[in-house]
Amino acid sequence: MQIPSKYVKTGGGIIAGLLILLLIGAGIAYVKREALLNSALQKGIAKAKKDYNLDVKISRAHFVGLKTVAFDQITVVPQNRDSLARIAQLKVGVRLFPLLLGEIKLAEVSMQDGWIHLSRKDSISNYDFLFRKKNADTLQTSKVDLAALANNLLNQMLYKIPDDMDIRNFTLALTDNDRQVNLHTQMATIQNGRVQSSIQVNGKEAVWHVQGEVYPDDKELNLKLFADGKKVELPYLEQKFGLKLNFDTLSTQMKRVRRSGGQLKVSGSWAVKNLLLNHSRIAANDIVVPDGSLDADMIFGENYVAIDSSSVIHLKNLNINPYIKYTLSPHKIYEAKLHIGEMDAQELFDSFPQGLFDSLDGIRVAGKLQYDLNFYLDSAKPDAVIFDSRLRNKDFKVLSWGKNNLQKINASFVYTPYEYGKPMRNIIIGSENPNYTTLEEISPYLKNALLTAEDPSFFSHKGFVEESIRKSIATNFKEKAFKRGGSTISMQLVKNVYLNRQKNLARKIEEILIVWIIENGRLSSKQRMFEVYLNLIEWGPNVYGIGEAARYYFNKLPSQLDLGESIFLASIVPRPKSALYFFEGDGSLRPGLRGYFKLIGGIMARRGWAEPDTNAYGFYSVRLKESLRRGTFVSADSLGVDTLMNNADDNDEGGMMLQIFGKPKPDTIRAAESEKIKTFQQEVQKTPAQLRQERREERRRLKEEKRKPN
């Protein structure tokens with residue numbers, strides 16, 4: 001169909017008229033641009049003053065050409081704060097076409113003699129306006145689309161990267177109370193996508209370099225940071241947070257950004273050479289990662305953010321596939337998966353960062369290993385948490401030991417307990433020690449009570465009870481604090497025998513690895529492990545092993561302990577230093593412990609380890625030996641007693657760590673108890689000959705009982 005010529009002429013006239021009007025408007029804007037610029041600046045300065053209490057001054061602002069604005073002598077001073085910024089000369093140019101579409105993309109930035117100072121003194125800083133919340137009526141209450149938010153933030157970041165940049169003589173200073181960091185660059189440039197910058201750190205302390213490429217339009221970048229002749233160090237982190245951190249080279253790369261189907265996927269990588277970390281919560285030693293990298297695919301959805309399972313963590317020969325997802329709504333959900341494919345066991349051990357697992361240094365192993373972790377926690381249903389951790393092996397065995405011989409528990413060895421980082425005394429765990437008690441010489445009541453309270457499935461599991469760990473995760477999440485642990489007897493034994501007592505992440509992982517090696521390698525029998533455990537754990541102030549404990553509290557041998565005494569001793573394992581506070585002045589037990597006796601005794605009765613008893617399973621017959629009694633009755637209230645946890649469940653038999661009592665008021669009893677402890681320590685120091693004689697008599701008694709007809 002042919003359009004009549006008169007319509008073509010009419011349309012052409014309209015378009016021509018619009019173009020003329022547009023040109024006229026552009027001409028007026030060009031002529032008035034200086035006035036428009038100054039008007040916009042005044043509005044911006046007024047807004048900064050009103051909203052943020054910032055005093056902004058600009059000596060002069062003017063256009064240079066069509067798309068570049070130049071500023072002279074800029075100062076920014078927060079009210080009643082230190083000066084924030086001073087810039088002698090600044091030029092900013094934008095791209096015209098994106099500007100017509102309402103987007104501001106920088107074409108060029110040049111700066112001469114710039115200075116920014118971030119300062120904080122106690123709780124007062126000159127940059128707190130950056131974190132000031134907007135008024136409630138301006139806040140958006142609708143659900144946030146994380147994919148859209150991440151895309152907008154990424155674009156805003158990329159749009160601020162200019163095509164060309166030339167910065168000369170710029171200083172960024174940070175003052176945090178008495179800590180100071182000063183970063184100064186003589187030159188920082190971007191030309192044709194190439195980035196070059198040299199940074200002087202604290203004068204002549206170090207020189208850093210940033211090099212690489214940036215292509216904002218393609219959403220790609222590749223940058224690396226390194227130093228001249230030394231490592232890049234961040235002493236501020238050590239001063240502020242106690243974190244020692246340095247490295248040779250750090251690099252980052254953004255490879256692809258794609259948005260489709262309501263998702264934003266960002267593919268990138270991060271790599272580090274010779275990274276050194278040291279923090280008390282991570283490990284006791286310096287941790288060194290010679291070569292580590294992460295190839296990550298990050299996914300942002302409407303209500304979640306995730307690291308996809310296609311991502312790979314590289315540590316020497318070790319490749320780990322992580323999957324992490326955090327869902328915001330309708331309620332928070334935490335998901336994590338790890339996968340390490342089957343690989344040579346020695347390669348796995350060799351890939352561990354240096355200094356991470358001190359006890360395993362130098363170990364030689366054979367066989368194959370594979371690991372998988374599956375974790376899922378819905379905040380609306382924490383009791384349904386999923387925790388599945390599996391380290392599979394094929395023909396795994398230890399060829400030779402490194403720093404620690406993990407089979408040393410099979411023979412006599414010296415155990416040194418520590419208190420607050422200081423050694424208490426050396427204890428021989430073996431027959432050379434008169435207090436050492438074999439498993440056969442320990443009352444069955446004590447063994448079964450302790451198993452019931454601490455680790456009911458000890459003789460059947462392989463070091464870990466996933467159900468107990470799962471329950472501890474759920475409990476701790478609901479309480480928002482560490483209220484329940486999931487340690488087995490195997491884990492407690494390894495912690496005491498092979499590891500330092502510092503609480504950090506590396507030590508906990510090392511504990512798990514050693515337990516797995518001992519249990520799966522069958523390096524020791526369960527009977528021997530239980531016997532060693534009973535002979536070295538702490539039962540009271542400077543009381544170690546069941547031989548000392550039975551004498552300390554009841555002046556008995558371990559074989560003579562009755563049901564009530566055994567349940568009491570099992571109850572104090574999680575908090576041995578509080579044991580004496582469980583007694584009244586006359587030596588009887590305080591009422592708050594009765595519920596624990598009924599709980600543990602009831603479980604033992606159901607298992608055939610004790611006779612059913614309606615009288616609290618020996619609770620009323622327990623008596624502390626006379627030399628440790630206070631002599632006068634002290635009411636429970638004066639000692640600040642907490643009752644038995646009212647949510648204890650008779651069926652909750654896994655790893656019970658029942659926190660029964662709170663901290664006592666020290667002024668009322670500390671001095672008296674100190675004298676009692678000293679008296680006990682003098683009393684139990686019998687000669688080795690006396691202890692051996694008691695042991696021989698007890699063995700003879702046990703043999704005679706076995707000979708008696710049933």
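Leaving aside residues up to four places away in sequence, S588 touches F582, F583, V622 and R623, where a contact is taken as heavy atoms within 4.5 Å. The model is a predicted one, with local features needing pLDDT of at least 70 and side-chain atom pairs counted only at pLDDT 80 or more, while totals for chains, interfaces and linings use all residues. Numbering runs from 1 along each chain as its sequence is written, and side-chain values use heavy atoms, with hydrogens and water left out.

S588 sits in the loop between helix 13 and helix 14 (594-606); helices (H or I, at least four residues) and strands (E, at least two) are DSSP runs, numbered from the N terminus. At a relative accessible area of 13%, S588 comes out as buried (under 20%, with exposed over 50% and partly exposed in between; 1.4 Å probe, protein chains only). Its side chain also makes a polar contact of 2.7 Å with the side chain of D586. Such a contact is a pair of N or O atoms within 3.5 Å; within protein, one must be able to donate a hydrogen and the other to accept it, and residues adjacent in sequence count only if both atoms are side-chain atoms.

Now for the backbone. Most residues other than glycine have a negative phi, and most peptide bonds are trans. N202, though not a glycine, has a positive phi of about 50°. This residue lies in the loop between strand 8 (194-201) and strand 9 (206-215) and is partly exposed at 26% relative accessibility. N555, also not a glycine, has a positive phi of about 55°; its loop runs between helix 12 (546-554) and helix 13 (563-571), and its relative accessible area of 49% makes N555 partly exposed.

Then there is the S329 to P330 peptide bond, which is cis, with omega near 5°. P330 belongs to the loop between strand 18 (318-327) and strand 19 (333-344).
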